[in-house]
Amino acid sequence: MILEQYIQRVEEKLHLLVKKLQQVQAENLLLKEEVHIQQQALQQQQQSLQSLEERLQLMKIASTAQGGTTIAAEDEAFRKEIRGKINDYIKEIDRCIALLNS
């Protein structure tokens, strides 16, 4: 009789453990889905941020090309950098033309 009670208690505990395992697995699945959703949202925000940064860069270039006035020293440094790059491109184009003419 004692052995049967012991076996019955073990079975009850086993059923409880199985039930708890199923709950944890279900919760794990929900958390994985939530992580996936959050990762997608983060990726969309990163793409949006990148797009906005590209637009800002283009606007700065356009402002520099139009000779717009700015207040910030950072914008002045950006202008100098862009002008330097443009000058480098012009020099490279001149070199290519010279090579083609010779």
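Me: Is E81 buried, partly exposed or exposed, and what is its relative accessible area?

Reply: Buried means under 20% relative accessible area and exposed means over 50%, with partly exposed in between (1.4 Å probe, protein chains only). By that reading E81 is partly exposed, at a relative accessible area of 43%. This is a predicted model, in which local features need pLDDT of at least 70 and side-chain atom pairs count only at pLDDT 80 or more, while totals for chains, interfaces and linings use all residues. Residues are numbered from 1 along each chain as its sequence is written, and side-chain values use heavy atoms, with hydrogens and water left out.

Me: How many of the residues of the protein, as a percentage, count as buried?

Reply: Of the 102 residues, 5% count as buried.

Me: What secondary structure does the protein have?

Reply: Helices (H or I, at least four residues) and strands (E, at least two) are DSSP runs, numbered from the N terminus. Here there are 2 helices and 0 strands.

Me: Which side chain meets E81 in a salt bridge?

Reply: A salt bridge is a side-chain nitrogen of Lys or Arg within 4 Å of a carboxyl oxygen of Asp or Glu. In this structure, which holds 2 salt bridges, E81 is paired with K85 at 3.4 Å, N to O. These residues are 4 apart in helix α2 (residues 73-101), and so they are separated by about one helical turn. K85 is partly exposed, at 38% relative accessibility.

Me: Where do R95 and E92 lie?

Reply: Both are in helix α2, 3 residues apart, about one turn of the helix.
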